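The sequence and structure come next.

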Amino acid sequence: MKLSDIADNAGSRKKRMRVGRGIGSGKGKQAGRGGKGQTARSGVRIKGFEGGQMPLHRRLPKRGFNNIFRLEFAEINLDRIQDAVDAKLLDAKATINAESLVKARVIRRARDGVRLLGRGELKVKLNIEVHGASKPAIAAVEKAGGTVKILAPAKKDEGEAA
């Protein structure tokens, strides 16, 4: 084999169609853009236009709304915390909070705070600081002899006047 023998597979590289290069090319005159008017021009097109029929996005009813002040919590269940303690990723004697959970890679990011949910059960006494907790989760932690401290959720925009 020589360097000059190396070649692409047949048909692997297709030359691009050069439009507007005469009638003999098969893509001359209007270059595949149809007739005249707005759609023949570059950069202009009526998005969602259906030929004068009421467009789909206007036929459908408006529904719901997005609350801009909504807080997104990172949710974690008790069984995940217990697994992390068993795997020695979390120290049972130290306070468990958002930073320690992220550091132990139990959650990826804290978002607007951490919310504790009640799936699973705890076998060790833990002191947990979270931004929210369900009633069953608090009951399960206190049953194991630990405490749950609810922190005030972090505000989304500090500088915005209400």
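A residue counts as buried under 20% relative accessible area, as exposed over 50%, and as partly exposed in between. Glu50 has a relative accessible area of 31%, so it is partly exposed. The model is predicted, and the values below are computed from it.

**Salt bridges**

The structure holds four salt bridges. Three of them are listed here.

| Pair | N to O distance |
|---|---|
| Glu50 and Arg59 | 3.1 Å |
| Glu72 and Arg70 | 3.4 Å |
| Arg119 and Asp79 | 2.8 Å |

Arg119 lies in the loop between S3 and S4, while Asp79 is in helix H2 (residues 78–86), so this pair ties together parts that are 40 residues apart in sequence. Arg119 has a relative accessible area of 49% and is partly exposed; Asp79 is partly exposed at 22%. Arg59, the partner of Glu50, is partly exposed with a relative accessible area of 42%.

Glu72 is partly exposed as well, because its relative accessibility is 33%. Besides the salt bridge with Arg70, Glu72 has a backbone nitrogen that lies 2.8 Å from a polar atom of the Asp112 side chain. Asp112 is placed in the loop between helix H3 (98–103) and strand S3 (114–117). With a relative accessible area of 16%, Asp112 is buried.

**Strands**

Strand S3 pairs in the parallel sense with strand S1 (residues 74–77) over four bridges. Within this pairing, Asn77 has Leu117 of S3 as its bridge partner. S3 also pairs with strand S5 (residues 132–133), again in the parallel sense, over two bridges; here Arg115 is the bridge partner of Gly132 in S5. In a regular strand, side chains alternate between the two faces of the sheet. The covered face of S3 has Val114 and Leu116, and the uncovered face has Arg115 and Leu117.

Three further strands form an open sheet in the order S2-S4-S6, with parallel pairing. Its edge strands are S2 (95–96) and S6 (147–150), each of which pairs on one side only. S2 and S4 (residues 127–130) are joined by two bridges in the parallel sense, and the bridge partner of Thr95 in S4 is Asn127.

**Nonpolar surface**

Which residues make the nonpolar surface patch of about 460 Å²? They are Met1, Leu3 and Ile6. Leu3 belongs to the segment before helix H1 (56–59) and counts as exposed, because its relative accessibility is 75%.

Conventions. Residues numbered from 1 in each chain as written. Predicted model: local features only at pLDDT ≥ 70, side-chain atom pairs only at ≥ 80, totals over all residues. Heavy atoms only, no water. Pairing = 2+ DSSP bridges. Patch = residues over 30% accessible without salt bridge, like charges linked within 9 Å, V, L, I, M, F, W, Y side chains within 5 Å. Areas by Shrake-Rupley, 256 points an atom, 1.4 Å probe, with all protein chains shown as cover. Salt bridge = Lys/Arg side-chain N within 4 Å of Asp/Glu carboxyl O. Buried < 20%, exposed > 50% of the residue type's maximum accessible area, 1.4 Å probe, protein only. Polar contact = N/O pair within 3.5 Å; in protein donor to acceptor, adjacent residues only side chain to side chain.
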